[in-house]
Amino acid sequence: MEAKLTKYYRDIDIRELGRLFEEKLRRVSPTMEYVRNLILDAKMLYRILSDEEFDLRQEAKRDFVSALLYFIEEKDSIPDRIPLIGYRDDYKLIKYVKEKHREEINRYFSQVKHFIANYF
């Protein structure tokens with residue numbers, strides 16, 4: 001997983017990442033439970049990353065950017081267009097990043113009392 005994070009990282013403006021992320025979300029149909037969870041988790045990572053009032057640690061920032069860029073990429077380890085399994089690798093990578101940075105995510109939610117998820 002670390003190799004994927006390193007491979008997909010690039011320095012990108014948060015607004016550009018947001019634009020690409022929103023485009024990707026418009027193309028992803030939340031037909032299966034793991035895809036719905038992937039979308040929610042990706043939105044959470046983007047929310048934390050883009051919150052200018054939160055001082056996200058540099059390693060977490062790099063990993064969040066990498067995971068989101070991997071999610072945006074159509075032709076990653078398992079191309080997204082493959083039915084049933086196309087987003088499985090994206091799901092696993094984002095889940096890995098969530099687990100790796102659980103303390104940082106918990107720190108965010110301890111500081112942001114009124115977080116409302118955008119479910120769809």
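Two aromatic rings, of Phe, Tyr or Trp, are said to pair if their centres lie within 6.5 Å. The views below come from a predicted model.

**View 1. Phe21, Tyr46 and Phe71 form a cluster that is linked by ring pairs.** A search of the whole structure finds six aromatic pairs, and the cluster of Phe21, Tyr46 and Phe71 is held together by pairs of this kind. The ring of phenylalanine 71 also has a charged neighbour, for the charged end of lysine 24 sits over this ring, 5.6 Å from its centre.

**View 2. Tyrosine 8 and tyrosine 70 form an edge-to-face pair.** The centres of the two rings are 4.8 Å apart and their planes stand at 85 degrees, which is over the 60 degrees required, so the pair counts as edge-to-face. Tyrosine 8 belongs to helix H1 (residues 2–8) and tyrosine 70 to helix H4 (residues 58–72), so that the pair links distant parts of the chain, 62 residues apart. Tyrosine 8 has a relative accessibility of 16% and therefore counts as buried, while tyrosine 70, with a relative accessible area of 1%, is buried as well.

**View 3. Tyrosine 34 pairs with tyrosine 91, and arginine 88 lies over the face of tyrosine 34.** The rings of tyrosine 34 and tyrosine 91 are 5.7 Å apart from centre to centre, with 70 degrees between the planes, and the pair is edge-to-face. This pair, too, links distant parts of the chain, with tyrosine 34 in helix H3 (residues 33–50) and tyrosine 91 in helix H5 (residues 88–100), 57 residues apart. Both tyrosine 34 and tyrosine 91 are buried. Arginine 88 is placed at 3.9 Å from the ring centre of tyrosine 34.

**View 4. Aspartate 80 is a buried residue in the loop between H4 and H5.** Its relative accessibility is 5%, and aspartate 80 therefore counts as buried. When residues up to four places away in sequence are not counted, aspartate 80 touches Lys24, Phe71, Glu73, Glu74, Gly86, Tyr87 and Asp90.

**Setting of the views. The chain contains six helices and zero strands.** Buried residues make up 44% of the 120 residues in the chain. Of the contacts with a separation of 6 or more, 72% are between residues 24 or more positions apart. The radius of gyration is 14 Å, which agrees with the value near 14 Å that a compact globule of 120 residues would have.

Key:
Residues numbered from 1 in each chain as written. Predicted model: local features only at pLDDT ≥ 70, side-chain atom pairs only at ≥ 80, totals over all residues. Heavy atoms only, no water. Phe/Tyr/Trp six-rings, centres within 6.5 Å; stacked < 30°, edge-to-face > 60°. Helix = DSSP H or I, 4+ residues; strand = E, 2+ residues; numbered from the N terminus. Buried < 20%, exposed > 50% of the residue type's maximum accessible area, 1.4 Å probe, protein only. Lys NZ or Arg CZ within 6 Å of the ring centre and 35° of its normal. Contact = heavy atoms within 4.5 Å. Rg over C-alpha atoms; globule rule 2.2 N^0.38 Å.
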